[in-house]
Amino acid sequence: MLSKLFNNLKKTDFNITEYITTDLHSHLIPGIDDGVKTLDESIEIISSMQELGFKKLITTPHIMYHRYKNTKEIILDGCKKVNEELQNRDIDIELVASAEYYFDENFLELIEKDDLLPFGDNYILFEMSYTNKPFGLEQTVFNLLSKGYRPVLAHPERYSFLNSNLEKLDKLKDCGLRFQLNLNSLIGFYGKNPRVAAKYLSQKGLIDFVGSDIHSMKYFDSYKKAVSTKQVKELFENNRIKNYKI
Ligand SMILES: [Fe+2]
């Protein structure tokens with residue numbers, strides 16, 4: 001299925017790392033979520049990203065109370081261990097950690113307690129249910145903004161309740177959210193609806209950040225193919241991507 005997908009891709013001479021050298025959104029701390037399982041796997045992916053030209057990775061393990069009970073401390077400790085191994089192997093790349101928060105009770109409490117792990121200039125990456133809009137979404141975005149955070153919705157193109165009705169994406173953006181698109185969505189890695197929604201967001205210039213959302217080598221292989229396609233080239237022409245600022 002994926003090889004058929006890759007055969008249909010139109011490659012260009014577009015080089016993503018002439019535009020951005022920071023990747024936002026990945027799962028590269030071993031054993032703490034559904035991302036990489038071992039330190040070796042993590043190092044293999046990180047050095048592949050470096051070979052592609054990336055200089056900085058902001059990795060974002062899940063914090064999802066009912067599945068991955070991660071905390072700021074667990075994530076920072078894991079990131080430190082990966083950095084030590086990068087140093088041991090002389091791999092010169094900056095790896096920092098933030099989180100991908102799932103919109104649940106725990107997230108609301110962490111906001112209340114100001115106990116978050118932002119990236120860049122106080123940005124908070126979060127995801128939510130794929131099927132239903134969570135109750136109080138706009139209010140929570142407002143609360144985050146009032147506290148000086150800048151909420152960023154992870155992969156808006158992937159939520160079925162949004163990608164089945166594209167105008168909802170415009171409306172959601174209006175409440176003060178930033179959008180982070182997964183580049184793999186543009187080539188159909190997640191299926192048709194996310195691909196169509198990704199194209200819609202790209203053409204309307206609604207994207208603020210792009211990311212790899214790499215969980216394993218399979219994601220990297222697809223990402224590597226995606227970044228030189230016509231679709232990604234067009235995205236950079238139509239949107240003011242701010243990865244270079246973080
Ligand atoms: Fe993710």
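Let's start with a pair of neighbours: strand β8, residues 178-182, runs parallel to β9, and three bridges join the two. Within this pairing, leucine 181 of β8 sits opposite valine 210 of β9. Keep in mind as you look around that this is a predicted model.

Now widen the view. Strands of a sheet pair through backbone hydrogen bonds, in either a parallel or an antiparallel way. Here, six strands make an open sheet with parallel pairing, in the order β3-β5-β6-β7-β8-β9. At its edges lie β3 (62-63) and β9 (209-211), each of which pairs on one side only.

Step back to the whole protein, and you can find ten helices and nine strands. The radius of gyration is 17 Å, close to the 18 Å that the globule rule gives for 246 residues, so the protein is as compact as a globular protein of that length. Of those 246 residues, 40% count as buried.

Which residues of α2 are buried? They are Ser42, Ile45, Ile46 and Met49. Seen down the helix axis, the buried residues fall within an arc of 100 degrees, so they line one face of α2. An α-helix has 3.6 residues a turn, so residues three or four places apart point the same way.

The buried residues of α2 pack against several elements, including β1 (22-24), α3 (72-88) and α9 (217-226). On the other side of α2, Asp40 and Glu51 are exposed. After the helix comes glycine 53, with a positive phi near 115 degrees.

How values were computed. Residues are numbered from 1 along each chain as its sequence is written. This is a predicted model: local features need pLDDT of at least 70, side-chain atom pairs count only at pLDDT 80 or more; totals for chains, interfaces and linings use all residues. Two strands pair if DSSP finds at least two bridges between them. Helices (H or I, at least four residues) and strands (E, at least two) are DSSP runs, numbered from the N terminus. The radius of gyration is taken over C-alpha atoms; the globule rule is 2.2 Å times the number of residues to the power 0.38. A residue is buried if 20 or more other C-beta atoms lie within 10 Å of its own, exposed if 12 or fewer, and partly exposed in between; C-beta atoms are placed from the backbone. The arc is that of the directions from the helix axis to the C-beta atoms. Two residues are in contact if their C-beta atoms, placed from the backbone, lie within 7 Å.
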